[in-house]
Amino acid sequence: MVLDGLAGDIPQKQREFLAAAYDSNERQLQTINDLLKVARIDAGRVILAKRLTDMNTFVSDIIGDQISSFEAVGQGVMLRLPRKRIQAMVDANRLRMALENLMDNAGKYSRQ
C-alpha cells in the first residue's frame, strides 16, 4: 500500500528498499506455496482437472505472457508450432504452472 502511494509520497531510496522487500516477500510466498503443492502431491491429495486443450493455443498464450520478461533482459523466445492442431487431455492450470516455471528458470539461467 505504501508503494502504491496510499501513505503519501516516499523518497526514491525508500521506494527502492520497499520494492526489494516486497519482491523478497513475494518469492518467499511462492516458495511456501510450491512446498505446499509438493506436500499435497506426496500425500496423494492432488486431483487433476483434465480437459481437452488445444496445445498450440495453450503454449502460445504462455509464451505471450512471458515474452516481456525475456525481452526486458535482452533475451528472446522462439516458438515453432506444427501446422496440425494438437489437442490433449491435461490439467491446464497445473501444466501452465510447470511450463511457466521452466520458462522462468530458462530466463534466469541463460545469457542474453
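**Salt bridges in a predicted model**

At 25% relative accessibility, E100 counts as partly exposed, a label for values between buried (under 20% relative accessible area) and exposed (over 50%), found with a 1.4 Å probe on protein chains only. The model is predicted, so local features need pLDDT of at least 70 and side-chain atom pairs count only at pLDDT 80 or more, while totals for chains, interfaces and linings use all residues. Residues are numbered from 1 along each chain as its sequence is written, and side-chain values use heavy atoms, with hydrogens and water left out.

E100 forms a salt bridge with R96, with 3.1 Å between the closest N and O atoms. A salt bridge here is a side-chain nitrogen of Lys or Arg within 4 Å of a carboxyl oxygen of Asp or Glu. Side chains of opposite charge can pair when their charged atoms come close. E100 and R96 are 4 residues apart in helix α3, so about one helical turn separates them. Helices (H or I, at least four residues) and strands (E, at least two) are DSSP runs, numbered from the N terminus.

R96 is also partly exposed, at a relative accessible area of 22%. R96 forms a salt bridge with D65 as well, the closest N and O atoms being 3.2 Å apart. This pair links distant parts of the chain, since R96 is in helix α3 (residues 92-108) and D65 in helix α2, 31 residues apart.

The structure holds 4 salt bridges. One of them joins the side chains of R85 and D54 (3.2 Å, N to O). R85 lies in the loop between α2 (55-72) and β2 (87-90) and D54 in strand β1 (residues 51-54), so the pair ties together parts 31 residues apart in sequence.
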